[in-house]
Amino acid sequence: MVDNVIAVRGVSKAFAGVQALDTISLEIAPGEIHCLAGENGSGKSTLIKVISGVHAADEGTIELNGKEFSKLTPMEAISNGVQVIYQDFSVFPNLTVMENLALTAELAEHRTFVNWRRMRRIATEAIAKINVKIDLDAKVGQLSVAQKQLVAIARALMSNARLIIMDEPTTALTKREVDALFGIILDLKSRGIATLFVSHKLEEVFEISERFTIIRNGKHVITCLPEELDHKKFSFFMTGREFDDARFTPQIRATQPILETSRLSAHGAFSDVSLSLRPGEILGITGLLGSGRTELALALFGSLKSDSGEIRIDGKAVVLDSVRTAISHGIGYVPEDRLTEGLFLERSIGSNIVISEIDSFVSSLGVLEQDKADAEAQRWITDLRIATPDAQNAVSTLSGGNQQRIVLAKWLATKPRVLILNGPTVGVDIGSKHDIHRVLRELAAEGLAVIVISDDIPEVIQNCNRVLVMNAGRIVSELDPTQTSELELAALMSKDVQTLEGIS
Amino acid sequence: MTAITTSRSRVRLFRDQHVTRLASILVVLLLFFALVRTENFFRLATWQSMAVQFPEFGLMALGVMLTMIIGGIDLSVVGIANMTAIGSATLMLSIAPTGSDSPEGYLALMAAIFFSLLVGALAGAFNGFLVAKVKIPAILVTLGTFELFTGIAVIISGGKPTSGLPPEYGEVMASRLFGVIPMPLIIFIVATAVIGVLMYKTAFGTKLYMLGSNETAAEFSGLKTTSLTIRTYMISGLLASVAGLVMLGNYNSAKADYGSTYTLLAILIVVLGGVNPNGGSGRLAGVILAVVVLQVLSSLLNTFPHISNFYRPLIWGGVLLLVIVVNQWDKRDHLARLFRWKGTTS
């Protein structure tokens, strides 16, 4: 047995009383491709941060290169060959590829003057290590996601890495880019460099990972070989619950669509989108990051201008030129990122819920009838089971799941006829996720037309009665989820098609 | 229901650490004043002269507070005050030249007030337009318009004080309710009450806080963010023009460089009052307390003849930085931790 690259032994870490990690152990051999899986909030990120020295563990030790550390610093982690590639890649978008690659080395040597020739040499060597072609003089901000990732990998490899940790590396990649990435990882493996893959999606990591470690609520659940896992077991280990696979069946009463688009296009975002939605339906729209799914939602909510095509509500063509127009037509939108787009974090729960309908609580004298607004807020808190002792508390005191319910409540309070939800359960604990799905199904049963935009494949398959797949700005197929497997859907999402820039 | 709301607002006022902290600072300051300058402290004139002075910058601070709650700032308040004061002074002189009859004087007074408020509101709306529509950072917009408004004021007045106002104006502004309460204080109280109602009893007030807390979410919630922003700066301009009228009464003249220290003072007051410079939080009560605290501090300094007025900017700047540092520290819970720590060991 070769010595491990890293051995994490019994590491625990608590934040303000919350046990983020509870006696976790993890060993990775040289050249091993190891997958760390777990739900959002299971402690994956905390574990990475402990391994890379960002957080000091409360208990337990980390062994690197045969040296044991109880308090690891970031510098010690790096000098012992641990490199992390975060989801945002931590690159400097305003600098060129060359500068991004060479800067660390320049800084590490405490150089006062810049030698461009030396920087170019360093960068060329770094890129050569991963056998790819990237223009060294391109600004990193203008590269594609996959290319940015390559820059980040090349930079990580410069400092004699022995373990590369990749946090959700495939989220925004097409199938071909994923294959290219896997090629690089296998190449690294042949040179004895281990990879720790962090992911919560089975499909993408199954074909490459040699061992799995699954954690849940900060506790180690299982470390096993891929042969021992199937999809059902994987979700069980991740969530600790058996799923009922009850799928959504719509009760569609009206035959007339409430919302339709025909050949709707917005330059550089999406093109030729035609869809129709009837009351009682839950329509899924899925696609990778950058497939145009969010832009389409924004166009339907009046926040993004479309340049051709038509939107019809109740069969009548409308121009949704502002959010207010969309709201007046009965459209609600639960945005992608609730923290930056949905919530007023330091304001009270109550005012967050009633803000979109606040004008209806104003008396004829122009005075805000606070008690009526409070009563309305309280009604939604009860209805959606928002866990709070006091509606006057700031929204920032709530958990992710409860915060998402606030955004949902805000929109339901406006009595919408069409509700568009963009990533309704991102960063939400599993219990809240189920509750939100239940609420959506109930609303649809009451005749609301719902659009769920999500790249969470099981979510889309289980909760929608129709699914549109977007790829590079176009709807590439319409599926019946009862006839489609998760793998098929995933393949459609990440298939390489001509990019939008190419056609428009 | 009313019982619930009142108890709730009391709880909230207590929970607001700035308000409690400021109230205790004020009490300590007053005690110190009473002990060290007993004679001054128990003289009515001391308080009356304060009540004449602080509405000048207090009114400006109310405007700055509103703009800061929506995440902006208004550095042009002094410019607006001087421009409108000079404009209305010039208007009064043309309606009622020196030696005119009393009816003409009162006509001039009414015209001046109307003109001043109108121009103030327009100037503020101009700020709001540049911030909300042209999307220039508020600090740059209002710095620019401060120079612009001051420039207009210099040109109208030729850089000299505009004086010789109709005596009716001075009489009204110097009058005292029940012979005790000076006019500027009454104006300040009325303005505070109006702003208070606006902030806490109307949908507009709630929307301001929401807009300041998260502009994108406000947009996505269907708020008219552009109109809200323009109206906020308009109110700030309006309040600044009222301050201009008060200054015109107090000095019986107008000049383009009056109140040059008030910009910093108004911002100091708002920050001291607990308004988050990034927007979204802060209470009117805190700002009012801060106005009073600074006025008392200022009057107290006046009673020490060996502390020169030259020290004043130094003191204001120091206080401003201290408050910002303490607030920043407080945000990370250090103060609370410090108190908790003391609590457990003692």
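Housekeeping before I go on. This is a predicted model, in which local features need pLDDT of at least 70 and side-chain atom pairs count only at pLDDT 80 or more, while totals for chains, interfaces and linings use all residues. Residues are numbered from 1 along each chain as its sequence is written, and chains are lettered from A and ligands numbered from 1 in the order in which they are written.

I take helices (H or I, at least four residues) and strands (E, at least two) as DSSP runs, numbered from the N terminus. Two strands pair if DSSP finds at least two bridges between them.

In chain A I find an open sheet of six strands with mixed pairing, ordered β16-β17-β18-β13-β19-β20. At its edges stand β16 (331-334) and β20 of chain A, each with a single partner strand, so one side of each has no neighbour in the sheet. From one strand to the next the twist averages 20°; such angles run from 0 to 180 degrees between N-to-C directions, with axes as lines fitted to C-alpha atoms, for helices over the stretch in contact.

Strand β13 (residues 282-286) of chain A runs parallel to β19(A), with four bridges joining them. Across that pair, A:Leu283 stands opposite A:Arg466, and A:Thr286 stands opposite A:Val469. With strand β20 (residues 474-479) of chain A, β19(A) pairs antiparallel over five bridges; there A:Asn471 faces A:Arg474. The hairpin of β19(A) and β20(A) has two residues between the strands, and A:Ala472 takes a positive phi near 50° in it.

Why is strand β19 (residues 466-471) of chain A largely enclosed by the rest of the structure? Because five of its six residues are buried. My burial scale: buried means 20 or more other C-beta atoms within 10 Å of the residue's own, exposed means 12 or fewer, partly exposed is in between, and C-beta atoms are placed from the backbone.

**Entry: the antiparallel sheet in chain A**

I also traced an open sheet of four strands in chain A, in the order β12-β11-β14-β15, with antiparallel pairing. Its edge strands are β12 (270-277) and β15 (316-318) of chain A, each pairing on one side only. Three bridges link strand β14 (residues 308-313) of chain A and β15(A), and A:Ile311 sits opposite A:Val318 there.

**Entry: positive phi**

A:Asp272 is not a glycine, yet its phi is positive at about 60°. I place A:Asp272 in strand β12 of chain A; it counts as partly exposed because it has 15 C-beta neighbours inside 10 Å. A:Asn217 also has a positive phi, near 50°. I found A:Asn217 in the loop between β9 (211-216) and β10 (219-224) of chain A, partly exposed with 16 other C-beta atoms within 10 Å.

**Entry: chain B**

I checked B:Met199 in helix α9 (residues 183-200) of chain B. Buried or exposed, with 20 other C-beta atoms within 10 Å? B:Met199 is buried. Its contacts, leaving aside neighbours within four places in sequence, are B:Gly205 and B:Leu284. The C-alpha atoms of B:Met199 and B:Leu284 are 8.2 Å apart, across 85 residues along the chain.

**Entry: where A meets B**

The contact takes 26 residues from chain A and 22 residues from chain B. On the chain A side, α10 (323-328), α11 (338-342) and α13 (370-383) each supply at least two residues.

Methods. Contact = placed C-beta atoms within 7 Å.
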